[in-house]
Amino acid sequence: MSAHSDSAAPSPVRLADYRPTDYLIDTVDLDFRLDATATRVVSRLRLRPNPAGRAGAPLVLDGGDLKPLRASLDNLPLDLAAVATPHRLTIANPPQRPFTLEVETELDPSSNTQLEGLYRSNGTFCTQCEAEGFRRITYYLDRPDVMAVFTTRVEAAKDEAPILLSNGNPVETGSSGPGRHYAIWHDPHPKPCYLFALVGGDLGWIEEEFTTGSGRKVKLAIYVEKGKEHRAHYAMESLIHAMRWDEFVYGREYDLDVFNIVAVSDFTMGAMENKGLNIFNDKYILAIAETATDADYAHIESVVAHEYFHNWTGNRITCRDWFQLCLKEGLTVYRDQEFSGDQRSRAVQRITDVRALRAAQFPEDAGPLAHNVRPDTYREINNFYTATVYEKGAEIIRMLRALIGHDAYHAGMALYFERFDGKAATIEDFLSCFAESSGRDLGDFAQWYAQAGTPRVKVSGAYDSEAKTYQLSLSQHIPPTPGQAEKKPLPMPIRIGLIGRDGGEIPLVQDHAQNWREEKFGVFELAGPERTIVFKNVPTPPVASVNRRFSAAVILEQQLSEDDLLLLMAHDSDPFNKWQAAQSFATRLMIRSTAAIRAGEMPAFSEKFALALADALEHYETDPAFAAQMAALPTENDLARDIGTDVDPEAIFLARKALRDGVGQLLSHRLLALYDKLQSDAPYSPDAASAGRRALRNACLDLYAAGNHADGSEIALAQFQHATNMTDKMGALSVLSRLPTPTREKALEFFYRAHCDEPLIIDKWFSLQATIPEPDTLARVKRLTKVHAFNIATPNRVYALIGAFANANPLCFNDLSGDGYQFVADLALQADGVNPQVAARLLSAFRSWRNLEARRGELAEQALRKVLDASKLSPDLRDIAQRALG
C-alpha cells in the first residue's frame, strides 16, 4: 500500500454534522486466503436500510487503497469500473429491503509499512483496524456506530501459519487442500469493524484457564515469537488479576469462551483491544528479569489490564463516533489506573499518573495543538489519540467520582452497562447515568469535555487569631486556547486539609458546609469563578494542603513560604501533597537559578531543602517506591512548562544540574549509606515492594553520582558489572551515560554486544544515548540511525531513538544552532513515506515551540514550515504541521 494514497488535505469532519448512516450491516462473513503478497479477501455483508437514515440514499462504502477483483449484489455481478475506486464503493440505487453485497479484494500485506489493515510483522500476518484500518481490507461502512456480528474464515499454508486466529469463539478447523488449512471464528457480540482482528503465523504460546464468578471456564492464551514463551508469564498473571478485579470492582465478567493475546514486534501504538483477540506491541508482553526493568513490568500490568477492561468500556459499549473517543479511552485509562493503584502503591500510582499528565497533556493544552477532550472537528482522526483524550479524559472521570461520591459513581456505571450494552454511546449518554444515580444536574460538568485548556486555581488564606477562624479563598481561570477565547468556569472537586504548626491535622469544621462530604472527606466543590470557605476552631495559623490526591486536573497557584513547604514535606498526611511540596520547593529553587544563570549570576541552593529531602528518603520503610519519587527532582520539561514563556532550555538544564550536584554533594554520606543499606541478595522479584527498594537504591546512586562524579562512576560501574537484573543494570548504565568518561563508552559498547540480538533491550540503549545532555549527542544519534539495529520502518526503534531525542532531551533538541529541529523535521518527513502515524507523533515534539525564547522559536518555526512546504505529505503529518503553526 502506498503511504501517500492521497496527499491532499482531507476535508474537516465536524461533530455537528453527525447523522446516522443510511444503511445498517447485520452480519459480516469474511473469507481470507492469506498470502504474503496477494491475500484474497471475500466479504459478504448482509445490509438493510436504516429506518433513521435517508430513504433511497445511495450506499457508499469506505475503501483505503483497495484493489477490487469482483463484486455482486444478491448474487448478480456488478460492473467494478462503474461502482468501485480504490477509496470508495458506491451503489447508486440499492434495494430498499435487506440485501447481500459480496466483494473480493486483493491485498499485499508485505508492502504495508503503514501497519494499518492487514500487514506482516516478522512473518506473522496481523491486523490493526482502529481507527480506520478496516477499509484497507475491504469496503465497509467504516465508522464506530455500525455494529455487526462477524464470522471469519481464515485459510493459509500450514507451514507458514499453523496458528490462525480471529475474533470471538473458535467454530471449526480443517484441511483445505494440500499443505493448507483453515479456521472459522464467530463473534456473537455485534461490534464495529475497528474491533476486527486476524492473526496468522508460526507462533509459540502459553495458556491458562480462568473461572469466572458465575463458574464459566475461559481459555486464556498468549501467543509470542517461538522461544519467547517464558517471557509471557507475567503478562498472563496480569491478565488474570485484571479479570478478577473487574469482576470484584465493577461486576463485569468476561463473555466469550476464549481470550487471546498476540504479541508482535511491529505495532504503531501500545496495544489494541479487538474483541477476544488483543494484539500487542511485544514490549508490553515480554518480560523476564534479565531483559525487562521494573518499569517494564509495571507497564505490562497496566496495558494488559487496560486492553482487557476495554471488553466492556469500548467493546460491549463502543463510541458512537470518533468524537466520543474519550468515552472509551479516558474511562478505560481511569479504570486501569485504579487497578494499578490496587496492585501497587496507590500513592506512587497517583504521582506517576500526574507526572504523565503534566509531561504530555499540560503542554498540549497550553500550545497550538490544544483541543477539547471531545473535539468539535478533526481532519485526521489518528492525530487525536492524544494525552488530552486519554489522560485528561481519565481525570474527568476521577473528578466526576469525587464530586458525586463512590456509591453514586458505581450506581451510575451499573446503569451505563445496563442501558448501553451492545450500543454505540455518546458523552451525553454516559453522563445521563450519573445524573440519575446522583440526582445531580451534570450540564455544567459536561463543559470539561467541551473546553480545551488547563484551569488555573488561585488559592489564598487568611487567619483570624481572635475568632480562631481560617478563611480560604479559591478562584479559577482558564486561559484562551485556539478557537476558544472565552471560557466558562468548571465545577471541580478540591480536596483540602489543614496542617497545624505541630504537624497535626486540624478538623475541618464550618458553620455552613455545602454537603456532609466536605467535613468527612475534605472534598470541596469549586463550581463558579470563585469560592470562600471559612473554617472555625482553628487554634493556630495552619498551612492549607490544597488539591490533595490531585483531586482536580488544574494548575494550582498557591503562595506558600519555604517553611510551609518544609512542613508539608515532613507532616502532610496526604502522600501526593507531601511529594508535591518537595516538587514545588525544588521548582522554586531551579526557576530562581534559571533567572540567575541568564543574568550571569550564581544559581540558588537551599541546605534546608536538601536535608528535608534526606529525611524523607531515610523514612522509606512503609513505601520505598514513594521515597524514590521524592528523590526525583522536576524534569527540565517540567520547569519549562512552569516558566511558561521565553523558555531558555540551556539555562534550565544548568539550573537543574546545579541543584542535583549540590544535593548530591551535601548528602553524599547519607545517600551512600542508604544505597548500601538497600542492597539485597534476594532473588529478583517484580513485586511492588521489591521494585520500590530497587527504585530507591538507584535514585540514591543517581543523586550521589551527580555530586561525586569520580566515585559515583566507580560505584555505578560495579553495579553494572554485577547486576543480576535489567533494572539495576539500566539504573547503573543511566548514571554512567551522563558522566563523560571512557568508562561510559566501554559500558555502552559492552551492553550492545551483550544484547544486540534483543530489539527491546537495544531500544533502551538507543534511548539512553539519545538523552545524553552533551553537545555531540545529535551527531551520536545520527550515527545510531545507521547501525543495523535501527530500522525506520519499526515504530519501536523510531520512538526509542528519535522520539527520545526530541521529547526527553530538551537541551540538545533545542540547541541554538537549530540543528535538532531540522534533524527531527527531516526524520519526520522520511518516516512519512513509511508510516505517517509515526511521522506525526515525531512532529508533535514541536507542540511547545511558541513558548521558547525568540531565537529558538524562530528556528523551530522554520523547521515546521519546511515540513509543511514538502511535497506529497500524508494527511497525518500535514494536519500536525498546520495545527502546530496555527
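Student: In what order do the four strands of the open sheet lie, and how do they pair?

Tutor: Helices (H or I, at least four residues) and strands (E, at least two) are DSSP runs, numbered from the N terminus. Two strands pair if DSSP finds at least two bridges between them. Here the four strands form an open sheet in the order 10-11-16-13, with antiparallel pairing. Strand 10 (117-121) and strand 13 (163-166) are the edge strands, each pairing on one side only. From one strand to the next, the twist averages 20°. This is a predicted model, in which local features need pLDDT of at least 70 and side-chain atom pairs count only at pLDDT 80 or more, while totals for chains, interfaces and linings use all residues. Residues are numbered from 1 along each chain as its sequence is written, and side-chain values use heavy atoms, leaving out hydrogens and water.

Student: How many bridges join strand 10 to strand 11?

Tutor: Five bridges join strand 10 to strand 11 (residues 124-128), and the two run antiparallel. The bridge partner of Ser-121 in strand 11 is Thr-124.

Student: Which residues of strand 29 lie on each of its faces, and are they buried or exposed?

Tutor: Buried means under 20% relative accessible area, exposed over 50%, and partly exposed in between (1.4 Å probe, protein chains only). In strand 29 (residues 523-526), Val-523 and Glu-525 on one side and Phe-524 and Leu-526 on the other are all buried, so both faces are covered. Strand 29 runs antiparallel to strand 27 (residues 492-499), to which four bridges join it. Arg-495 stands opposite Val-523.

Student: Why does Phe-751 count as buried, and what does it touch?

Tutor: Phe-751 lies in helix 21 (residues 742-755). It counts as buried because its relative accessibility is 1%. Contact means heavy atoms within 4.5 Å. Not counting residues up to four places away in sequence, Phe-751 touches Phe-720, Met-726, Lys-729, Met-730, Leu-733, Ile-761 and Trp-765.

Student: At what angle do helix 24 and helix 26 cross?

Tutor: Axes are lines fitted to C-alpha atoms, for helices over the stretch in contact, and angles run from 0 to 180 degrees between N-to-C directions. The axes of helix 24 (residues 795-808) and helix 26 (residues 819-832) come within 11 Å and cross at roughly 140°. Helix 24 is therefore oblique to helix 26 (under 35 degrees counts as roughly parallel, over 145 as roughly antiparallel, 65 to 115 as roughly perpendicular and the rest as oblique). Ile-802, Phe-805 and Ala-806 of helix 24 make the contact with Gly-820, Phe-823, Val-824 and Leu-827 of helix 26.
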